[in-house]
Amino acid sequence: VEADRVDFDRRNNRLRADGNVRLTEPNGNVLRAASMELSDDLRDGFATALQLDTPQRTRFIADGARRENGNRTSFDNGLYTVYTSPKNPPDKPPLWRIRAQTIVHNQQEKTIEFEKASFEFFGRSLVYLPYLSMPDPSVKRKSGLLIPNFVYGDRVGAGMRIPYYFAIDPSRDLLISATPLSKQGVLGQFDWRQRLMDGAYSIHAAGIFQARPGEYTTSSGNRDFRGVI
């Protein structure tokens, strides 16, 4: 633990740090805070004005946070997003972020839960969700909401692809996604994959009712509905 001031209460086995606090955890997480109080084994404690960066380039920012049993951290008035480039202006909002009244990161179950959350795109709120749960970024294969992706095209405009992954069993999975596009409406997609004894196959399908089909000049593009399988 690094800080302007660090005190250790031996009677209660508590560590108190104030001012420019920085804590690097064994798993690679880097925690910065205005102040922090932790048990001597770092399993329990709280922090104020917190920023937590993970090795997977995700970031938690909160007014305050509490850690319980070494694996459950609750963030108050929190933000969850990805790192922004150091070259970006410091006041520029990230591409996407989730703002929530409470964010709970359970490291044992590898889940992130959001209560009273709003999904923001370039600093603007797109949708409100009373509750949302997703795998944390260390999970390689688990059902849940995945990190959204930004898309852009001259004819479709700007949009955000929001994917949801279903890990059905070790041999099958399904990925569905909705992509709201500023010029054309909502594109729906699904991808099915299955491994067999002697090989594998996959099915991809997508469809959209275009709001502005006139953006395309060809007969295949200038139509109300377009789909692919």
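## Model and confidence

The model is predicted; local features need pLDDT of at least 70, side-chain atom pairs count only at pLDDT 80 or more, and totals for chains, interfaces and linings use all residues. Residues are numbered from 1 along each chain as its sequence is written, and side-chain values use heavy atoms, with hydrogens and water left out.

The protein has an average pLDDT of 88. This score is the predictor's confidence in each residue, from 0 to 100. A score of at least 70 is reached by 96% of the residues. Confidence is highest in E15, with a mean of 97. It is lowest in strand E10 (residues 144-145), with a mean of 80. Strands (E, at least two residues) are DSSP runs, numbered from the N terminus.

## The nine-stranded sheet

An open sheet is formed by 9 strands. Their order is E1-E2-E3-E4-E5-E6-E7-E8-E9, and the pairing is antiparallel. Two strands pair if DSSP finds at least two bridges between them. Strand E1 (5-9) and E9 are the edge strands, each pairing on one side only. On average, neighbouring strands of this sheet are turned by 15 degrees against each other, direction ignored. The axes behind this angle are lines fitted to C-alpha atoms; in general, angles run from 0 to 180 degrees between N-to-C directions.

Within the sheet, E5 and E6 pair over 9 bridges in the antiparallel sense. Here Phe60 stands opposite Tyr80 in E6.

## The largest nonpolar core

The largest nonpolar core holds 29 residues. Such a core is a set of buried Ala, Val, Leu, Ile, Met, Phe, Trp, Tyr and Cys residues joined through side-chain atoms within 4.5 Å. Buried means under 20% relative accessible area, exposed over 50%, and partly exposed in between (1.4 Å probe, protein chains only). Which members touch the most other members? They are Met36, Phe75, Tyr80, Ile98, Ile103 and Phe114.

At least two core residues come from each of strands E2 (14-24), E3 (30-39), E4 (45-53), E5 (58-68), E6 (72-82), E7 (96-106), E8 (111-121) and E9 (124-135). E8 gives the largest share, 5 residues.

## Aromatic pairs

The whole structure contains 7 aromatic pairs. Rings of Phe, Tyr and Trp (its six-membered ring) pair if their centres lie within 6.5 Å; planes under 30 degrees apart count as stacked, over 60 as edge-to-face and the rest as tilted. Phe60 and Phe75 are stacked, because their ring centres lie 4.7 Å apart and their planes meet at 5 degrees. Phe60 belongs to strand E5 and Phe75 to strand E6, so this pair ties together parts 15 residues apart in sequence. Both residues, Phe60 and Phe75, are buried.

Tyr80 and Trp96 make an edge-to-face pair, at 6.2 Å centre to centre and 65 degrees between the planes. Tyr80 lies in strand E6 and Trp96 in strand E7, so the pair links parts 16 residues apart in sequence. Tyr80 is buried at 1% relative accessible area, and Trp96 is buried at 3%. Ring pairs join Phe60, Phe75, Tyr80, Trp96, Phe114 and Phe119 into a cluster.

Tyr80 has contacts beyond its neighbours within four places in sequence, among them Thr58, Arg59, Ile103, Ile112, Met134 and Pro137. Contact means heavy atoms within 4.5 Å.

## Val21

Val21 is found in strand E2. Is Val21 buried or exposed? It counts as buried, at 1% relative accessibility. Not counting residues up to four places away in sequence, Val21 touches Val1, Glu2, Ala3, Leu31, Arg32, Ala33, Ala34, Ser35 and Met36. Val21 and Leu38 are 17 residues apart in sequence, with 12 Å between their C-alpha atoms.

## Around strand E15

Strand E14 (residues 185-196) and E15 pair over 9 bridges in the antiparallel sense. They form a hairpin with 2 residues between them. Trp192 has Ile203 in E15 as its bridge partner. E15 also pairs with E16, antiparallel, over 4 bridges. Gly207 stands opposite Gly227 in E16.

Gly221 sits in the loop between strand E15 (199-209) and strand E16 (225-228). Gly221 counts as buried, at 1% relative accessibility. Leaving aside neighbours within four places in sequence, Gly221 is in contact with Gln210, Pro213, Tyr216 and Arg226. Gly221 and Tyr201 are 20 residues apart along the chain, and their C-alpha atoms are separated by 28 Å.
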